[in-house]
Amino acid sequence: MSPSVRLPELIRVIRSARTQGEERGIIQRECADIRAQFRQGDNGERSHSLAKLLYVHMLGYPAHFGQMECVRLIASPRYSEKRIGYLGAMMLLDEKQDASLLMTNSIKNDLSHSSQYVQSLALCTLGCMGSAGMCRDLAPEIERLLRASNSYIKKKAILCAVHIVRKVPELGELFTPSAKSLLSEKNHGVLHGAVVLITELCEKNHDTLGQFRKAVPDLVQIMRSLVTSSYSPEHNIAGISDPFLQVRILRLLRILGHNNDAASEAMNDLLAQVATNTDSSKTAGSAVLYETVLTIMDINSESGLRVLAVNILGRFLLNNDRNIRYISMTSLQKIVQTDHNAVQRHRGTIVDCLKDQDTSVKRRALELSLALVSAANIRLMMKELLIFLSTSPVELRSQAASGIFNAAERYAPSKRWHIDTILHVLTTAGGDVRDETVPNLIQLITTASELHCYTVQKLYRALVKDISQQSLVQVACWCIGEYGDLLLKGECEEIEAVQVTEDDVLDALETVLHSHMSSPATRGFALTATMKLSTRITDNVDRIRSIVSIYGSCIDLELQQRAVEYNALFKKYDHMRAAVLERMPVMDKNSPGHTNGDITGDLVKEPELSKPVEAGLPSQSTSEVCDLLDLLGGTDTPIPALTSTPPLTTSSAGDLLDLLGGLEPTPVVPNETVYEKNGITLKLQCDRQTETDVTVTLIASNSTMNDITNFTLQAAVPKSVQLQMKAPSGNVIPAHGLGQVTQTVLLNNPNKVSLKMRVRVSYSHQGTMCQDMVQIDSFPSPVWK
């Protein structure tokens, strides 16, 4: 066989290939020659052949047939062959390959070799791809090398020990004594590896934290010497002495000082020195300062030091590097609840980041801006947020709108300002708001009786101008139906009233009904509003009757059902039409079926409220029947959809009021406390609706000094009981008992079995997620009696 080409020649030939097919042909021929060389045994060419095979592997072609050759070369006494063999093992083998087990004995022998270069090859390979079994077998050898006098070997042994601790955490105790002694080393490479090893030991085994906390003064001294040391060309990067080692030490100090007053006190002065003396004009200095800030925020540091850390993050916001601005806002987001006033000082800079071209920076700036909204700055911040909403990317509009709604609801200075803000959002991004926005706004409008004329005037103008924003159109139709008489009067003190006629109003509603942009839900709002106007106007009742009758044969079953029922009101029950269609009473925001706040809960499916029940349109929802023994389980039996207005049926009385059955007074059971832990109190109230239906209201309050966030409730009942969960009133429980979160659960117990309920409580308190289970085995006696 003719001798194959050398590696440089092979590289030249492959690079000169003009097509991919030509390249594949060259590699196939060369791989065949390499296989032949491997079969010939020890001919002095095996290492060269394996080197070429590794290059072929780097190009993405199969090279698995060289695995066993790697094992043979590792066992070779020649250094040149060992080097290629170990390199091939790191590239072609991993811990899942059986061939890797054959190397254990060779690695063990090489770890005791007289040459430091052979030892380093074995250490690098074990640290790169050593399996758990290999780590257990060779850990004593690594521990021995940690005490070697050669810094070159000691540095590689430390990194190998880190790999062993990650693979087999229980072996960490073997390296703990040696790790302590390594902190006295002068070599920066060894010292860097020692800090990494100690960090890994502390993260894997919290029992070792107490042992290494005694080394905090040593770490402080090492860090102080780095900060105050003179220029050293060997370790200096952009004017910072060994920033890599400084960052590693700061991370270790953060772990050791967490929730420990003594360790935190020992490092406070050092952190202040680093924070004030480090130059942040270069990336290396910014990295050290960022780690310093994280350490200050994670230990029990002094208040002045925390303010200094926030100011450093504020300086980062002015940096031209977007990555630095991003991590600065990410860090501020984590501490805004605990250091709110300090973060508020940088509000202007944070708001300016909303204008950044990078979407990820905008997202972080939006989240932080929403967290900074308070009663004192609500008007100023809302002005900036509304400007941002009008120019924000599509992917951020939903988040911005939701955040504006929550902030406006919490800090609104007046109801008129609240309504104007929500209408501005609906006009700007009505297609990106959540479904619960419509019933929430309707509830707000009903409670502001003095603003009914003002609101209906503004909504009518918005409706005539643009009917593409579905949420805005739904609210406008609802208000026109309820307060159309105020619109037609044309009298409004708060705003210059627009003079409209009955035909103008009906034309606007007909436009919504006929528009291809209107969803079925929106048409339902418009049809109901048209019907309600029949009792508020006098000259166009026949036109309304004609509009309603058209939809009696509509292809949409929802609209068809309503049109048929409304036609029945015109014909058979015309004498009752005015009473049935009278103005809706003021809604209670905590009433069952009303949502106020974000819909939360990952595992329990909540009803979707695309239109309010009070407007005469159905709010349909389904829920699985939960098994008491399996909180997250369910059956395939669906609960029938609930509608607020059932189809007309014939009864003995023949009275349309049968549609509103269940008006008899029902007993209300006083609140009973079912859960009280960590400052959270959960009370239960039952309201029997019919003989088989019960409304259960869970009321959560918070007596701690911090807000409870991400609060969710999940419920399960026996299979014979049907369960429907309404959306909660929110997911944040204010501190000091200043507010509540309510969750309404509708139960249908046709068999009247003994009722039991299991409730899962999940919430976040000061950044820590908590979860608990409540078993309710006995309900108040009036529930089923």
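Three strands form an open sheet in the order E6-E9-E10, with antiparallel pairing. Strands here are DSSP runs of E, at least two residues long, and helices are runs of H or I of at least four, both numbered from the N terminus. Two strands count as paired if DSSP finds at least two bridges between them. The edges are E6 (708–716) and E10 (768–776), and each pairs on one side only. From one strand to the next, the twist averages 15°, an angle taken on a 0 to 180 degrees scale between N-to-C directions of lines fitted to C-alpha atoms.

This is a predicted model: local features need pLDDT of at least 70, side-chain atom pairs count only at pLDDT 80 or more, and totals for chains, interfaces and linings use all residues. Residues are numbered from 1 along each chain as its sequence is written, and side-chain values use heavy atoms, without hydrogens and water.

E6 and strand E9 (residues 757–765) are joined by 7 bridges. Gln714 has Arg760 of E9 as its bridge partner.

Now turn to helix H7. It covers residues 116–129. Its buried residues include Val118, Leu121 and Met129; buried means under 20% relative accessible area, exposed over 50%, and partly exposed in between, with a 1.4 Å probe and protein chains only. The buried residues of H7 pack against helices H5 (79–92), H6 (104–111), H8 (132–145) and H9 (151–167).

Last, the cysteines. The structure holds 0 disulfides, a disulfide being a pair of cysteine sulfur atoms within 2.5 Å. For Cys128, the nearest cysteine sulfur is that of Cys124, 8.7 Å away. Cys128 is partly exposed, at 43% relative accessible area. Cys70 is buried, at 0%.

Notes:
The expected span of a helix is 1.5 Å times one less than its number of residues. Contact means heavy atoms within 4.5 Å.
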